[in-house]
Amino acid sequence: MADTTFVLDGRTVTLSNYTVVNDSVLDEIRKDLQLAQADTQPKNNTYSSHNNSFGFSDTIFFTFLIVLIILTYAKPPFLAKIIAKITGVTETDDQNIDEYQNTQYETTAARDYYLYNQNNLDLKHQDIETILDKYFVYYKNLDKQLQCRFFDRVLKFMNSKDFLIYSNEPFKEMPVLISAAAVQISFGLDEYELPHYQYIQVKKEEYFARETLHVLAGNVEDNSITLAWNQVLKGFSNLEDGDNVGLHEMAHALYYQEIIIEKDASDFANYFNQLMKDGEYVLEQKVCPHNLYTPYAFTNLQEFWAVSVELFFEKTPHLQTAYPNIFEHLQKLLKQNPLIPNKPVS
Ligand SMILES: [Zn+2]
């Protein structure tokens with residue numbers, strides 16, 4: 001599904017490809033607006049230093065205040081129905097999601113978010129192995145030697161980040177599976193830690209991006225990768241639909257790390273440029289004749305790249321048949337071949 005927009009108080013709000021609209025999302029938007037209001041007050045809390053990473057403008061604040069008032073009096077369930085009617089998006093199936101969340105962190109006081117990093121991740125090697133083994137098919141399919149390499153990378157990636165979990169139920173599966181998504185796409189490459197991205201923010205569900213008036217399932221901005229946990233799980237619960245927000249956002253992050261930050265002049269940049277040429281050709285067609293690329297991929301070349309990575313891992317044979325050049329360039333760029341699940345990398 002492509003982006004869908006609707007107008008609220010004269011402002012255009014965009015629902016992204018992954019957006020699922022239900023009451024809790026609207027509650028989340030309302031809460032976000034309240035937090036926006038709180039942002040203007042002097043801060044005195046443990047996590048204030050992290051707030052500096054996320055900018056906020058006064059003009060937008062007043063716009064949101066107006067939107068907040070409207071949302072407060074517009075009876076959100078009613079509004080939800082209208083939005084659902086406009087977008088035609090159905091609600092999330094929570095059944096798959098619950099089975100992934102087994103290991104909840106012990107929490108004492110309720111907070112806006114919990115911060116986990118190498119000091120308090122509290123994950124034994126056995127825990128990580130169990131989580132990967134249970135839920136991460138890419139890892140399960142690897143031969144023993146590559147499983148060790150994958151495990152090692154997940155551990156290093158996870159220990160190098162600060163995870164900000166915006167939920168009263170922080171799960172140990174969150175840092176492990178999100179790190180595994182990053183490690184999966186870069187598994188053929190020498191560098192995999194995405195050092196530009198210090199923060200991984202995990203929202204319970206889809207969230208409202210104040211700056212752009214978008215409701216999102218994930219985004220990459222400044223030094224932070226943000227993901228909606230319900231959508232991450234949805235992505236990994238079906239590995240053949242070409243829809244995986246974890247891989248999608250990590251693809252954006254990998255691009256930024258390699259091309260913009262590192263100014264990589266090696267194979268990666270070379271094949272990335274070739275892939276962009278493939279993309280220009282596909283985007284010129286305006287529509288995918290192979291029932292493969294969703295309209296969202298046609299937004300721009302960045303989205304084409306991120307969606308291509310999703311298809312590379314989830315619809316591999318289909319992509320190879322329909323677009324052999326794109327498949328070949330992705331294979332060379334990421335230095336792996338998902339058609340050989342036990343040994344995708346050398
Ligand atoms: Zn994207």
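Colleague: Is K335 buried, partly exposed or exposed in this model?
Modeller: This is a predicted model, in which local features need pLDDT of at least 70, side-chain atom pairs count only at pLDDT 80 or more, and totals for chains, interfaces and linings use all residues. Residues are numbered from 1 along each chain as its sequence is written. A residue is buried if 20 or more other C-beta atoms, placed from the backbone, lie within 10 Å of its own, exposed if 12 or fewer, and partly exposed in between. Because K335 has 17 C-beta neighbours inside 10 Å, K335 counts as partly exposed.

Colleague: Where is N291 found?
Modeller: Helices are DSSP runs of H or I with at least four residues, numbered from the N terminus. N291, which is not a glycine but has a positive phi near 55 degrees, is in the loop between α12 (267-284) and α13 (301-314).

Colleague: How are α12 and α13 oriented to each other?
Modeller: Their axes, lines fitted to C-alpha atoms over the stretch in contact, are compared by an angle from 0 to 180 degrees between N-to-C directions. The two helices, α12 and α13, pack at about 105 degrees with their axes 10 Å apart. Angles of 65 to 115 degrees count as roughly perpendicular, under 35 as roughly parallel, over 145 as roughly antiparallel and the rest as oblique. Therefore α12 and α13 are roughly perpendicular.

Colleague: Which residues of α13 make the contact with α12?
Modeller: Two residues are in contact if their C-beta atoms, placed from the backbone, lie within 7 Å. On α12 the contact involves L275, M276, G279, V282 and L283, and on α13 it involves L301, F304 and W305.
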